[in-house]
Amino acid sequence: MSIGFAVGVFGCQTAAVLPSSEGILGLVVGAAVGLALAGVLARLQHRAAAQGLLLLAAVLAGWGFAAWRAELRLADALPMALEGQDVVVSGVVASLPQDFERGLRFTFRVESGVPGVPEVLSLAWYKGFRDEELHTLPALHAGERWRLTVRLKRPHGNVNPHGFDYEGWLLEQGIRATGYVRPDRANQRLDAFVPGVMNLVERTRERIRARFQEALPDAAYRGVLVALAIGDQRAISQEQWQIFARSGISHLVAISGMHVTMMAALAAAGLGWVWRRSSRLALRYPAQQASVVAGFLAAFGYCLLAGWGVPAQRTLYMVGCVALALVLRRETAPSRVLAFALMVVLLLDPWAILAAGFWLSFGAVALLLLAGSGRLRAAGWLHEALRAQWAVTLGLVPTLLVLFQQFSLVSPAANGIAIPLISFVVAPLAIAYAVIPLQMLADLAHMALMATMVPITWLADLPMAQWQQAAPPAELAILATLGCLWALLPRGTPVRWLGLAMLLPLVSWVPPRPPQGEAWVTVLDVGQGLAVHVQTAGSDLIYDTGPAFSVDANSGERILLPYLRALGVRRLDTLVVTHQDNDHAGGAEAVLAGIPVRSVLFSLPENHPVRLIADSRGRSCAAGQEWEQDGVRFAVLHPVGRGGSPRRSNDASCVLQVEASGRRVLLSSDIEAVSETDLLGRDAAALASDVVVAPHHGSRTSSTPAFIAATSPRWVIFPVGYRNRFRHPNPDVWARWAASGASLLRTDASGAIRVRLGAREVQVDTARETFPHYWHGR
């Protein structure tokens, strides 16, 4: 029944639209009728039919329940009239404040304010938007009550093929508006602490984090210890995450079920040792039952401190089920315990099924149960450990390829080293320091982690440490999963090798590419910036790399590299960095570091880091450069002469035209009216294109009437960020392009936009239409 309920929840969460109120009622009624009929059939000894109806009823119940919860959450929406308006709200800082380059981020639970403001907000408090405006922010702590002037917008995120769905994540977190704190003298702390269980938990987590920061101010792995103690992973560097991913131990850095189980076991063992030494206690209440209650309470407290993630919840509910069975002196099968945990997780949070941790956590435990079932006799502990590691490693391969398009080949060896050391040495020491602030504990925890990371780093640095490939289709992933399960069945199962053979279509799958002579041009959704992928039969080009969001985050790392990996692109033939503005060049260094690049074209100053990294691979853009790849022509139309000249940065932008089967796309970067006039003067006829990426995001300084007339496109794409501060595209520019008869698209409304250039009609599709979800735009 739990599996059927989960299937229904998953069906709802992957649907493009929610059922109407009548539809939800119909699902509930259908579930009730199915349940009643299943009971009747069971009494008549028609067990197979009863089980089928029970499964169907569970699916309908799961779908209806998830839809009902979704409608309730979506109803708490910010009215469009309040977007971009200054509003005053009073409420409580409901999460750990997180430092970033220019300020703080935190979750704010609204208690009072303008009608229509959602209950939970995600806010940023900036020190200033420009260097000359920087100022000191007031100290901000979890659990404080503040009155703030904020400017809000509805949930909105970038939508790209195989990309992170920020809007879905906000919905799962219950955050129904985002925004920032406005500079205002009326911003005021009203109370230093608001009593409440979760406020106390968050304040405690903040104090523990501060304790680690004071004890290990310059320690390389301080962020990992903080993550193990309180689940806050934001201080872990990107380089460390790459090591964890390549070695396959990322699950140990998160608060995993193993850590929760360890805490429960330690608490149970400790209390049991004390309980058995008191005859009064032992006679009043059995030591075993007292121990499991203590273990559950310890696990519950640790889960609260650890941020209440899905793996931690799953383990807590399993521990709770076992504890309840022991207290009631009832036996229960492990599979039923897992099913109980699955049901409870989805009842409390039906969006948990969208999280990678949900699939990895429940999948790993199910595989361990499968590996341990059907055995006639127990093997030695080493044999059991190796069998469990093999089961988890093999069984999760399809899931890892679907979620991350990669899995670690050195994972068995790395986990063999890391699991005992991190789970039974590093994590206990880190948690002990969180409870008992002795410097020695923090130092020992860090030393143990440093020792652990020596062989782990060596394994991660091996050339073949990781398998990467394109995101596979669902049918291949399902086939491979069934094959893995078959291969893991007990010895004696016929043709177990066939299960491994069922993996081959998954790991050998190659995604489709354009036919010879055709090109696919994808304008990615990177917010207020530009990044374009041009793919031919055998080559890949990236035109601009989007913005850098902060020192530690940029669109190259967060959007472009995951997108390319999901498409199976393992190297770039050409990277074009059109000019030095952050919204075009901000992700270039990450792209150059993250994927092999054969050649780089740029229009950048002499001392720009991208020029230095590119070295002999790089050359300046110049009008007249042309090349052909797989029957597709690429032509640089601008600038004249060497890129990086003293001219205005925007007007030094590389302009590239892509032509396939007589169809053209014009990539115009940030050129302004002066450059448009230059292009018209040199060869106006050459500008004619089927698709134009609007110059300078639709700024009023570009898209002159003469340029629009010369290009005469059927489609115009505006790469813009949602409610961007420049107010691009300019209304007059938008009207001029519309008056030309072209169809207009913008990335903030459509997500990534793909243009197929071929012998037939130009085909244009958008990510928000191709990958729809019921929460998009709501």
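**Stop 1: a strand covered on both faces**

Select residues 655-660, strand β18. Both of its faces are covered: V655, Q657 and E659 are buried on one side, and L656, V658 and A660 are buried on the other. Buried means under 20% relative accessible area, with exposed over 50% and partly exposed in between, using a 1.4 Å probe and protein chains only. In a regular strand, side chains alternate between the two faces of the sheet. Six of the six residues of β18 are buried, so the strand is largely enclosed by the rest of the structure.

A word on the model before moving on. It is predicted: local features need pLDDT of at least 70, side-chain atom pairs count only at pLDDT 80 or more, and totals for chains, interfaces and linings use all residues. Residues are numbered from 1 along each chain as its sequence is written, and side-chain values use heavy atoms, leaving out hydrogens and water. Helices (H or I, at least four residues) and strands (E, at least two) are DSSP runs, numbered from the N terminus.

Strand β17 (residues 632-638) pairs with β18 in the antiparallel sense over five bridges. Two strands pair if DSSP finds at least two bridges between them. Find H638, which stands opposite V655. Then show β19 (residues 663-667), which runs antiparallel to β18 and is joined to it by five bridges. Here L656 stands opposite L667. Zoom in on the hairpin of β18 and β19: two residues lie between the strands, and S661 takes a positive phi near 55°.

**Stop 2: an eight-stranded sheet**

Next, show the open sheet with the order β15-β14-β13-β12-β11-β10-β23-β24 and mixed pairing. Which strands are at the edges? They are β15 (618-620) and β24 (763-766), each pairing on one side only. Select β14 (residues 597-602): β14 and β15 pair in the parallel sense over three bridges. The bridge partner of V600 is G618 in β15.

**Stop 3: two helices**

Finish with α13 (residues 334-348) and α14 (residues 356-371), whose axes come within 10 Å and cross at roughly 170°. Axes are lines fitted to C-alpha atoms, for helices over the stretch in contact, and angles run from 0 to 180 degrees between N-to-C directions. The two helices are therefore roughly antiparallel; that label covers angles over 145 degrees, with under 35 roughly parallel, 65 to 115 roughly perpendicular and the rest oblique.
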